[in-house]
Structures are given as structure tokens and as C-alpha cells.
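Please look over the sequence and the structure before reading on.

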Amino acid sequence: MTEVVDVRDDQRIQRDVLAELAWDARLRPNEIGVTVDQGVVTLTGFVDGAARRWAATRCAQRVRGVRAVADEIEVRLPGTPGRTDAEIALAASRALEWDSFVPAERLDVTVANGWLMLRGEVEFGWQRRAAEGELRRLDGLRGITNLIEVRPSAPPVADRLRRDVQRALVRTMGAERVTVEVDGDTLVLAGVVRSWWERDQVERVAWCAPGVRVVHDQLLVGG
């Protein structure tokens, strides 16, 4: 039996990324440029906030055939007076406090020139991801540096951890081509996934495992 592989050329990928950017209501037409070289997408242009920059990157990652995304988009806030660093920091703190899944009392937020720094400790990796995701949409934000450390309450049992993560991947995504290795409290993900969305979901599953402090993602995006 001959396996048929859908090879998508760079021009086709470029058209699809541009169409996906135009389709996303969070973005404005013609503010982002797209070039593609051997499946690697480079995004350029200017947006008025970190939320739009993140949305543009996610748009490109959703397109079939994209192997990697180079984000060269610049955030330029409007010239009119916007939120001050103090206002952004207050909004961030309140957003974290309202999220019942994030231990806001263990996190510290600082803002300088519109750039937010997250520090602190959480027990699970998914809490680290959730905290950053909660803040991405804040108005006036240029970007986020996430320095939250994951400190599990107990070390994992390697064989059980590997087995549980592998089962969760098969159960939720059918990701039989992903392998999981355990080194202490570190998970190493390897293999091939079909899209960036699937890669993100594999990471999500890995970070949900109790006892995991670090996830090394060595996954390849392929057919």
C-alpha cells in the first residue's frame, strides 16, 4: 500500500495563513505580513497590544503544513495616553484573584513600560500556564515574562507517571506517535504530531500530571 502525503508548498501555506489572519475577528486587516520558507512562517508588522500579537501567532500555528512560526511582530501602543504600569499591575492582580484555579496569593506581578513579569511558585504546571493565559488579554500590555516556578508537593513515581501520561494522550487525542520519558520530575515528549494545535494539547496533558516540574517538548510537527 502506498501512503499518500499531502505536501503543501510555501505559497499555499502563505495564502492559508493570510486567510486565517483575516478570518480572526481579533485582528485587523493588513496589519501583519506573512512570509514562508520551507514551512517556516515569519510574521512581521505592528499591533497595538500583546493580545493581538499572541492571537496572530496562534492563527499561523493553526494552519496545516506550518512547521514553525517566527514571531517578529512589534507591539506599538497607541500614542494617546493609555493604561499606566500601576493600572496594568492592578488589573493583572485582580484577574488572577478572580481565577479560582490559580493560587494568586503565591504569585507576584510587576510591570515596567507595559511589560509584565510573573514570579512565584505553584504546585502544578497547568497553573503556571493558566496564570499566563489569564493575563494575555489585558489592555495596554506589551508582553509577559513568565518566571513562575513549578514545585510539586511530592516527587512522582516514574513508571506510573509515564504510563498515566501516555494513557491520557491516547484517551483524549489518540496520540500514539508521541513517546513519554521520565527523568525525575521532568517529562520529555518526543515523536510527531499533526499540527501545532495538537502539540499544544500534548503539552497541556503533560503539564496536568501531578509531580511534574519541567516538560521538555521535542515534538515535531509533521503529517
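## Helix H1

On the face of H1 that points away from its buried side sit the exposed residues Gln-11, Arg-15, Ala-22 and Trp-23. The model discussed here is a predicted one. Ile-13, Val-17 and Leu-21 of H1 are buried. Viewed down the helix axis, the buried residues of H1 fall within an arc of 75°, so they line one face of the helix. An α-helix has 3.6 residues a turn, so residues three or four places apart point the same way. The packing partners of the buried residues of H1 are strand S1 (32–37), S2 and H2.

Helix H1 comprises 14 residues (residues 10–23), which at 1.5 Å a residue should span 20 Å; the end C-alpha atoms are 20 Å apart, in agreement with that expectation. The N-terminal end of H1 is capped by Asp-9, a side-chain oxygen of which lies 3.1 Å from the backbone nitrogen of Gln-11.

## Annotated domains

According to an unreviewed UniProt entry, the annotation "domain: BON" covers residues 9–77, 84–152 and 157–223. Residues 9–77 are 39% helix and 29% strand, with end C-alpha atoms 35 Å apart. For residues 84–152 the composition is 36% helix and 29% strand, and the end C-alpha atoms lie 35 Å apart.

## The surroundings of Asp-48

Asp-48 is located in the loop between strand S2 (40–47) and helix H2 (50–62). Its side chain makes a polar contact of 3.0 Å with the side chain of Arg-28, and a polar contact of 2.6 Å with the side chain of Arg-52.

Apart from neighbours within four places in sequence, the residues in contact with Asp-48 are Arg-28, Val-75, Arg-76, Leu-77 and Pro-78.

## Aromatic pairs

Two aromatic pairs are present in the structure.

Phe-101 counts as exposed because its relative accessibility is 56%. Trp-126, at 26% relative accessibility, counts as partly exposed, and Phe-124 is partly exposed with a relative accessible area of 21%.

Terms used: Residues are numbered from 1 along each chain as its sequence is written. This is a predicted model: local features need pLDDT of at least 70, side-chain atom pairs count only at pLDDT 80 or more; totals for chains, interfaces and linings use all residues. Side-chain values use heavy atoms; hydrogens and water are left out. Helices (H or I, at least four residues) and strands (E, at least two) are DSSP runs, numbered from the N terminus. A polar contact is a pair of N or O atoms within 3.5 Å; within protein, one must be able to donate a hydrogen and the other to accept it, and residues adjacent in sequence count only if both atoms are side-chain atoms. Contact means heavy atoms within 4.5 Å. UniProt positions are given in the numbering used here, feature names are shortened, and annotations may be inferred rather than shown by experiment. The expected span of a helix is 1.5 Å times one less than its number of residues. Buried means under 20% relative accessible area, exposed over 50%, partly exposed in between (1.4 Å probe, protein chains only). The arc is that of the directions from the helix axis to the C-beta atoms. Rings of Phe, Tyr and Trp (its six-membered ring) pair if their centres lie within 6.5 Å; planes under 30 degrees apart count as stacked, over 60 as edge-to-face and the rest as tilted.
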